[in-house]
Amino acid sequence: MDSVTQIALGATIAGAFVPAGHRRRAMALGAALGTLPDLDVFIDFGGAVENYTYHRGFSHSLFVLAPFAVVLWLLLRRWWAPVRAAPGRWFAAIFVALVTHPLLDAHTAYGTQLWWPLGSPPVSWSTLFIIDPLYTLPLVIGGLVALGKPRAPRAGAWLMAGLLISSGYIGWSWAARSAVEGNARTALAQRGLENAPVFLVPTPFNTLLWRVVVMTPDGYLEGLDSLVADDGPIRFRQYTSDVQALEEASTVWAVRRLRWFARDFLRARVEDETLFIADLRMGQEPYYVFRYAVARKGNPHWQEMETRLLPDNIDTRRALETVWRRIWSAE
């Protein structure tokens with residue numbers, strides 16, 4: 001999720017857990033802990049594909065954050081009086097503020113390497129867009145009220161209300177995803193594709209309109225499903241991908257890495273003897289956020305190259321207008 005959301009979540013959790021007299025200091029620490037894992041964006045991992053696929057790695061691992069929370073708590077308990085005064089509540093504030101960051105990130109399409117350094121692909125439940133005001137606003141409102149009067153009897157109630165409402169919204173996002181998945185499986189069964197790999201993702205800033213990506217032997221299908229406007233099978237459009245080139249170029253590290261990272265939800269195209277790969281999970285045909293040049297055609301095999309991220313080709317205003325119209329209309 002975006003930094004504002006993670007800061008608000010960390011601050012709200014910390015403020016809700018500690019005694020009222022510690023609330024402002026706890027919210028400041030919780031805000032810092034809420035954004036701490038994302039500082040890995042300042043690390044240069046050595047290349048475009050490396051920076052893309054190593055983000056949300058070690059800094060988001062539960063195997064790293066859980067022991068880090070314990071060590072941080074032990075240090076603060078030794079050197080900071082508020083933690084010594086209420087050690088159990090401060091431990092809960094620190095631990096939960098840290099581990100909820102990657103768990104929330106795992107609800108997005110990008111995914112999170114919760115189990116780093118194990119070799120499993122990033123966890124991507126994909127129930128929330130990376131920015132969703134309906135999730136963030138309850139946290140921000142509750143946090144601002146509590147910061148204004150941290151010792152007030154209802155300050156803690158505002159914080160808890162923000163957490164409950166935002167958590168309830170996550171619950172709704174799971175229910176919405178389940179409904180769309182059912183619609184998708186029904187439509188695909190009619191096409192004889194009931195076993196095809198499917199990726200579901202909400203469109204920007206909402207959980208009412210969902211995008212469905214289906215991988216096929218020669219490319220992929222894309223469809224939209226509005227929980228408000230649509231009734232009946234999802235209508236898909238078919239697109240081609242150079243599946244053969246993707247398979248042949250898998251001897252190249254960057255190609256293998258992207259296939260692992262995106263679980264093969266990729267589009268491959270060859271232009272001027274160069275293989276270009278787009279992550280189909282983030283964007284919408286024909287616009288994708290993450291597109292890379294990853295390999296050059298050799299004789300006879302594909303060769304390593306310095307990977308590069310292609311410029312953003314998204315018309316943001318037009319895309320958002322299209323999403324808004326599509327939520328309310330099946331046309």
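The following legends describe close-up views of a predicted model.

**View 1. The largest cavity and its lining residues.** A search of the whole structure finds 1 cavity of 30 Å³ or more, and the volume of the largest cavity is about 30 Å³. Helix 2 (23–35) and helix 6 (87–105) are the elements that give two or more residues to its lining. Helix 2 contributes the most, with 4 residues. The lining consists of A14, A26, L29, G30, L33, W90, A93 and I94; by class, 7 of these residues are nonpolar, 1 is polar and none is charged.

**View 2. The buried acidic residue D225.** D225 lies in strand 3 (residues 219–226). This residue is buried but forms no salt bridge, and the nearest side chain of opposite charge, that of R326, is 6.1 Å away. The side chain of D225 does make a polar contact, at 2.8 Å, with the side chain of N183.

**View 3. The loop between helix 6 and helix 7 (133–148), with P117 and S126.** The peptide bond from W116 to P117 is cis, with omega near 15°. In this loop, S126 has a positive phi of about 55°, although S126 is not a glycine. S126 counts as buried because its relative accessibility is 0%.

**View 4. The cis peptide bond from N299 to P300.** Omega for this bond is near 10°. P300 is located in the loop between strand 9 (291–297) and strand 10 (302–309).

**View 5. The positive phi of E273.** E273 is not a glycine, yet its phi is positive, at about 65°. The residue is placed in the loop between strand 5 (266–271) and strand 6 (274–279).

Terms used
Residues are numbered from 1 along each chain as its sequence is written. This is a predicted model: local features need pLDDT of at least 70, side-chain atom pairs count only at pLDDT 80 or more; totals for chains, interfaces and linings use all residues. Side-chain values use heavy atoms; hydrogens and water are left out. On a 1 Å grid over the protein atoms alone, a cavity is a set of points where a 1.4 Å probe fits but cannot get out, and a pocket is an open set with protein on both sides within 12 Å along at least five of seven lines; lining residues have an atom within 4 Å of a point. Grid points are joined across faces, edges and corners, and a volume is the space filled by probe spheres set on the points. Ala, Val, Leu, Ile, Met, Phe, Trp, Tyr, Cys and Pro count as nonpolar, Asp, Glu, Lys and Arg as charged, and the others, Gly among them, as polar. Buried means under 20% relative accessible area, exposed over 50%, partly exposed in between (1.4 Å probe, protein chains only). Lys and Arg count as positive and Asp and Glu as negative; His and the chain ends are not counted. A salt bridge is a side-chain nitrogen of Lys or Arg within 4 Å of a carboxyl oxygen of Asp or Glu. A polar contact is a pair of N or O atoms within 3.5 Å; within protein, one must be able to donate a hydrogen and the other to accept it, and residues adjacent in sequence count only if both atoms are side-chain atoms.
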